[in-house]
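Subject: Structure handover and notes

Hi there,

Have a look at it first, then read on.

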Amino acid sequence: EDAGSGESGMSAVDWYNLGVKGGGEVDGRHYTQKDCFAQTLNLDPTISTAWYNLGVLGGGEVSGKDYSVKECEQRALEADPSDAESWYNMGVHGGGEVG
């Protein structure tokens with residue numbers, strides 16, 4: 001099921017804001033915080049803070065692909081190489097390549 005297809009009328013920013021609030025209900029369905037950040041990224045994979053938050057929550061599925069914590073951190077840094085928190089988390093998880 002892919003609620004990120006725009007059927008709800010929610011934008012990437014709407015999903016992100018719902019995630020920041022801890023999740024919630026959209027069109028009669030409950031979405032967890034992790035669901036909200038994944039939906040954000042389904043609509044706009046360039047939002048670095050959504051990648052960061054998805055990584056903090058243990059990773060997840062975006063556009064049909066599973067992303068690990070480290071992969072989320074890498075994607076956050078690709079979107080915003082100046083994100084100090086993502087660099088820190090990448091180091092905590094053993095480093096890696098950003099490209």
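Tyrosine 67, at 14% relative accessibility, counts as buried (under 20% relative accessible area is buried, over 50% exposed and anything in between partly exposed, with a 1.4 Å probe and protein chains only). Tyrosine 67 forms an edge-to-face aromatic pair with tryptophan 51, with 4.8 Å between centres and 70 degrees between the planes. For such pairs, the ring centres of Phe, Tyr or Trp (its six-membered ring) lie within 6.5 Å, and planes under 30 degrees apart are called stacked, over 60 edge-to-face and the rest tilted. Because tryptophan 51 lies in helix α3 (residues 48-56) and tyrosine 67 in strand β4, the pair ties together parts that are 16 residues apart in sequence. Helices (H or I, at least four residues) and strands (E, at least two) are DSSP runs, numbered from the N terminus. Tryptophan 51 is buried too, at 0% relative accessibility.

Before going further, a word on the source: this is a predicted model, in which local features need pLDDT of at least 70 and side-chain atom pairs count only at pLDDT 80 or more, while totals for chains, interfaces and linings use all residues. Residues are numbered from 1 along each chain as its sequence is written, and side-chain values use heavy atoms, leaving out hydrogens and water.

What else does tyrosine 67 meet? Lysine 65 lies over the face of its ring, 4.3 Å from the ring centre (the criterion being NZ of Lys or CZ of Arg within 6 Å of the centre and within 35 degrees of the ring normal). Lysine 65 also forms a salt bridge with glutamate 71, where the closest N and O atoms are 3.7 Å apart; a salt bridge here needs a side-chain nitrogen of Lys or Arg within 4 Å of a carboxyl oxygen of Asp or Glu. Both partners are partly exposed, lysine 65 at 38% and glutamate 71 at 28%.

The whole structure has 2 salt bridges. Arginine 75 is partly exposed at 25%, and so is glutamate 78 at 40%.

Back to the rings: the search finds 3 aromatic pairs in the whole structure. One of them joins tyrosine 16 and phenylalanine 37 in a tilted arrangement, 5.5 Å centre to centre and 55 degrees between the planes. This pair links distant parts of the chain, with tyrosine 16 in helix α1 (residues 12-20) and phenylalanine 37 in helix α2 (residues 33-43), 21 residues apart. Both tyrosine 16 and phenylalanine 37 are buried.

Now for the strands. β1 (residues 23-26) and β2 (residues 29-32) pair in the antiparallel sense over 4 bridges, where pairing requires at least two bridges found by DSSP. Glutamate 25 has histidine 30 in β2 as its bridge partner. The two strands form a hairpin with 2 residues between them.

Which residue in that turn has a positive phi? Aspartate 27 does, at about 50 degrees, and this residue is exposed with a relative accessible area of 66%. Serine 63 also has a positive phi of about 50 degrees although it is not a glycine. Serine 63 sits in the loop between β3 (60-62) and β4 (65-67), and is exposed at 59%.

Best wishes
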